[in-house]
Amino acid sequence: MISVVIPLFNKQKYVNFCIESLYLSATNAGVEIEVVIVDDFSTDGSVGQVLSSERNVKLLQLNENKGPSYARNFGVKHTTFDFVYFIDADDFVDLNFFSALHLSLQLYPKESVYVFGVKRVVDKIDYDHSSKTINSNIKCKTAYEYHRTLCEGLLLFTASSVCVRKDVFDEVGFFDEGSRYSEDAEFWARLSANYNSIVCTSKLCYYRAVNNSLSQVSFKKLEQKPILLIRLFKQINKSSPEEVRGAFSLMFLKYLFLVSKNKKSNKRLIWNLNYFNNCSFPYNLYSFLIYMCPPFVLASIFSLFLKFKNWRFN
């Protein structure tokens, strides 16, 4: 009934925990799944771990490292069922995840995008993922829901919390393979602009905070403008809701801050007068202050933020 696509690169410590959580949840819900794992030329023991699993998985191995977008796209093309759920190899799901997904599909069978709440957890292997209950308040949200969640600071659309009907790729295209940063977020922005989203806010997907995660990129070696920022800017027009401009403004501010805190980085890669002029007030004011602020001050602020963030989850 549901295909699961897992891009895998050097996650030998976590991948089998991810697989096990999927099958435990599927069995609990009485849902049939297939798990398609695309190994992106791992150099650790990830493949050996998958082969040692007693679960039935389809392992596809690439002969060179091509990035998570290519791996996801490759996996989708080798799935059997009409619905595809994505999850990263170091993340996992709650015991009730597939029960909630199955209920969402029953309540809204004609929709194409199903999204679930996410809980950030610390970097450890053993974690109790069987205590959450299904939020019966599953709602249908109109287009641009991803943009609204950005503005509200909600963690919903992630690489491990979205299930889609497979034919959406015919409409909006696949994940962008030209970038390895924010590539999944750019896809959610395209997807959300074209489809309603069925949202279950129960936190049934677990995002593992690990040190070598791509989300921890420091922007020191940023060589191109993030594709999410480009996509959000393209979506700003007279007919788009205000949330689109708000999401663009927020991400412009975030990326400008991250690139500006590093003295050797090229902040002009993010800074663009046309982008600045399209920011909502007061984001254009904040972005100007960040642009003028010395890198060492921004770096100190960011360091304090990381300490606070780690304190919250430890």
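Trainee: Which residues does S53 touch, not counting residues up to four places away in sequence?

Mentor: Contact means heavy atoms within 4.5 Å. By that test, S53 touches N16 and I19. Keep in mind that this is a predicted model, where local features need pLDDT of at least 70, side-chain atom pairs count only at pLDDT 80 or more, and totals for chains, interfaces and linings use all residues. Residues are numbered from 1 along each chain as its sequence is written, and side-chain values use heavy atoms, with hydrogens and water left out.

Trainee: Does S53 count as buried or exposed?

Mentor: Buried means under 20% relative accessible area, exposed over 50%, and partly exposed in between (1.4 Å probe, protein chains only). S53 counts as buried because its relative accessibility is 17%. Y207, at 21%, is partly exposed.

Trainee: Good to know! How do helix α8 and helix α9 pack?

Mentor: Axes are lines fitted to C-alpha atoms, for helices over the stretch in contact, and angles run from 0 to 180 degrees between N-to-C directions. Helices here are DSSP runs (H or I, at least four residues), numbered from the N terminus. For α8 (residues 227-234) and α9 (residues 242-260), the angle is about 150° and the axes are 9 Å apart. That makes α8 roughly antiparallel to α9, a label for angles over 145 degrees.

Trainee: Which residues make the contact?

Mentor: From α8 come L228, L229, L232 and F233, while α9 supplies V244, A247, F248, M251, F252 and Y255.

Note on methods. Helices (H or I, at least four residues) and strands (E, at least two) are DSSP runs, numbered from the N terminus. Angles under 35 degrees count as roughly parallel, over 145 as roughly antiparallel, 65 to 115 as roughly perpendicular and the rest as oblique.
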